[in-house]
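Trainee: I have this one open on my screen and would like to talk it through with you. Could you take my questions as they come?

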Amino acid sequence: MAEATMMDDYVQMDEVDWAEFPQGLCAGLVEWKLLHVSPESGAWTAAFRAAKGASIARHVHVGPGEYYMTKGKMLVRGGAEEGGETALAPSYGYEACNAQHDYTYFEEDSELYMTFLGPLNFTDDDGNTIALVGWREVYEAWQAAA
Ligand code: ZN
């Protein structure tokens with residue numbers, strides 16, 4: 001991924017290094033590869049690799065998202081025992097617009113691919129925005145990490 005444009009895009013994923021996903025947005029080791037941003041639609045797509053015991057900070061999906069989990073085990077919305085999902089690879093998941101993810105936890109070393117149709121609103125425990133992470137923010141973070 002070279003530029004944020006409306007052009008076709010192609011990424012040879014094994015030739016792109018993983019970058020650390022920013023602490024504060026996660027705990028433990030979470031790495032990512034930004035694959036595409038779509039300024040015209042607000043969508044962005046990334047691959048994630050999370051170490052066992054890592055988690056993603058509390059957030060709300062402003063738009064829906066779809067993921068394809070290729071490896072590992074992830075508790076979404078607290079996992080099945082808490083009324084959410086326990087995603088076990090290989091698996092597909094759709095998270096609806098305004099899905100609230102208070103607790104996303106990786107019980108095993110995991111990898112997934114996800115497309116977000118809009119930003120993630122990371123919040124504190126009271127619902128106050130800490131970071132609104134959309135295509136522009138991930139693009140700038142990815143450029144800074146490269
Ligand atoms: Zn989420």
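Trainee: What do the buried residues of α1 pack against?
Mentor: In this predicted model, the buried residues of helix α1 pack against β1, β3, β4 and β15, where β3 covers residues 30–38 and β15 covers residues 129–133.

Trainee: And which residues of α1 are buried?
Mentor: Helix α1 runs over residues 135–145, and its buried residues are Trp135, Val138, Tyr139 and Trp142. They span an arc of only 100° around the axis, so they lie on the same side of α1.

Trainee: Switching to aromatics, how many aromatic pairs are there?
Mentor: The count comes to six aromatic pairs. One of them joins phenylalanine 21 and phenylalanine 48, with 5.5 Å from centre to centre and 85° between the planes, which is an edge-to-face arrangement.

Trainee: Where do phenylalanine 21 and phenylalanine 48 lie in the chain?
Mentor: Phenylalanine 21 is in the loop between β1 and β2, whereas phenylalanine 48 belongs to strand β4 (residues 43–50), so the pair ties together parts that are 27 residues apart in sequence. Both phenylalanine 21 and phenylalanine 48 are buried.

Trainee: Why is the pair of phenylalanine 48 and phenylalanine 116 called edge-to-face?
Mentor: Because the planes of the two rings, phenylalanine 48 and phenylalanine 116, stand at 85°, with their centres 6.2 Å apart, and an angle over 60 degrees counts as edge-to-face. This pair also links distant parts of the chain, since phenylalanine 116 sits in strand β13 (residues 110–117), 68 residues apart from phenylalanine 48 in strand β4. Phenylalanine 48 and phenylalanine 116 are both buried.

Trainee: Which residues do the ring pairs link into a cluster?
Mentor: The cluster consists of Phe21, Trp32, Trp44, Phe48, Phe116 and Trp142, and Trp142 is also one of the buried residues of helix α1.

Trainee: What sits over the ring of tryptophan 18?
Mentor: The charged end of lysine 33 does, at 4.6 Å from the centre of the tryptophan 18 ring.

Trainee: Now β10, which residues are on its covered face?
Mentor: Strand β10 (residues 91–95) has Ser91, Gly93 and Glu95 on the covered face, while Tyr92 and Tyr94 are on the uncovered one. In a regular strand, side chains alternate between the two faces of the sheet. Strand β10 pairs with β7 (residues 65–71) in the antiparallel sense over five bridges, and glycine 65 stands opposite glutamate 95.

Trainee: Last one, how many disulfides are there?
Mentor: The count comes to zero disulfides. As for cysteines, cysteine 26 is buried, with a relative accessible area of 5%, whereas cysteine 97 is partly exposed at 42%.

Key:
Residues numbered from 1 in each chain as written. Predicted model: local features only at pLDDT ≥ 70, side-chain atom pairs only at ≥ 80, totals over all residues. Heavy atoms only, no water. Buried < 20%, exposed > 50% of the residue type's maximum accessible area, 1.4 Å probe, protein only. Helix = DSSP H or I, 4+ residues; strand = E, 2+ residues; numbered from the N terminus. Pairing = 2+ DSSP bridges. Phe/Tyr/Trp six-rings, centres within 6.5 Å; stacked < 30°, edge-to-face > 60°. Lys NZ or Arg CZ within 6 Å of the ring centre and 35° of its normal. Arc of directions from axis to C-beta. Contact = heavy atoms within 4.5 Å. Disulfide = S-S within 2.5 Å.
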